[in-house]
Amino acid sequence: MLNVLSVLVLLGSGTVAGVLFAVAVSTVPALAAMPPDRYVYTHTLLGRNWDPTMPLIVLGTTLLDIVLAFWAPGGVALALVICASVCLAGVSWVSHLRNVPINKRVHQTDPDAVPPGWEDPRPVWRRWHLLRTSLAMVALAANSLALTLIF
């Protein structure tokens, strides 16, 4: 059981970190280079598949980390698993309370009628995204180190 749990924790935290990292280094700069109407249109398209999928992966992996904490032998390994679960919970918190509300505002904007004086959310969205990406990378590192110590 511990082996399966370990694989799932690494798969989940690796997926979260990898997706957020890829968005940070590729998608965010591409969206930043677009005029507002194209940005709104593209952002809405990109969110269709991410929005229902990523919360399940992040929250599921957080739950798996909590379960793994009961199997950890204690000491440094336990502290690392707890750190990973807290970081993943932070990813979820930042996503739901910061990035998602911005996404909803963007999705409510008509790309063919972006109003004059439209407040561009990209810089703020990027800052929050970089925070959650950093948290996800720390979670992946903590899980990897913890499992190295457990096994």
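This is a predicted model: local features need pLDDT of at least 70, side-chain atom pairs count only at pLDDT 80 or more; totals for chains, interfaces and linings use all residues.
Residues are numbered from 1 along each chain as its sequence is written, and side-chain values use heavy atoms, with hydrogens and water left out.

The protein chain contains 4 helices and 0 strands, where helices (H or I, at least four residues) and strands (E, at least two) are DSSP runs numbered from the N terminus. The order of elements from the N terminus is α-α-α-α. Along the principal axes, the C-alpha atoms occupy a box of roughly 60 × 25 × 20 Å. Of the 151 residues in the chain, 36% are buried (under 20% relative accessible area, with exposed over 50% and partly exposed in between; 1.4 Å probe, protein chains only).

The largest pocket has a volume of about 490 Å³. Its lining comprises 26 residues, of which Trp50, Asp51, Asn103, Trp125 and Arg132 are the closest to the centre. Two or more lining residues are contributed by each of α1 (2-32), α2, α3 (75-107) and α4 (122-150). By class, the lining divides into 14 nonpolar, 9 polar and 3 charged residues. A pocket is here an open set of points on a 1 Å grid over the protein atoms alone, where a 1.4 Å probe fits, with protein on both sides within 12 Å along at least five of seven lines; lining residues have an atom within 4 Å of a point.

Helix α2 spans residues 36-71 and includes valine 67. This valine is partly exposed, at a relative accessible area of 33%. The C-alpha atom of isoleucine 57 is separated by 9.6 Å from that of leucine 11, 46 residues apart along the chain.

The count of salt bridges is 1, the criterion being a side-chain nitrogen of Lys or Arg within 4 Å of a carboxyl oxygen of Asp or Glu. The side chains of aspartate 120 and arginine 122 form a salt bridge with an N to O distance of 2.7 Å. Aspartate 120 is partly exposed at 30% relative accessibility, whereas arginine 122 is buried at 13%.

Notes: Grid points are joined across faces, edges and corners, and a volume is the space filled by probe spheres set on the points. Ala, Val, Leu, Ile, Met, Phe, Trp, Tyr, Cys and Pro count as nonpolar, Asp, Glu, Lys and Arg as charged, and the others, Gly among them, as polar.
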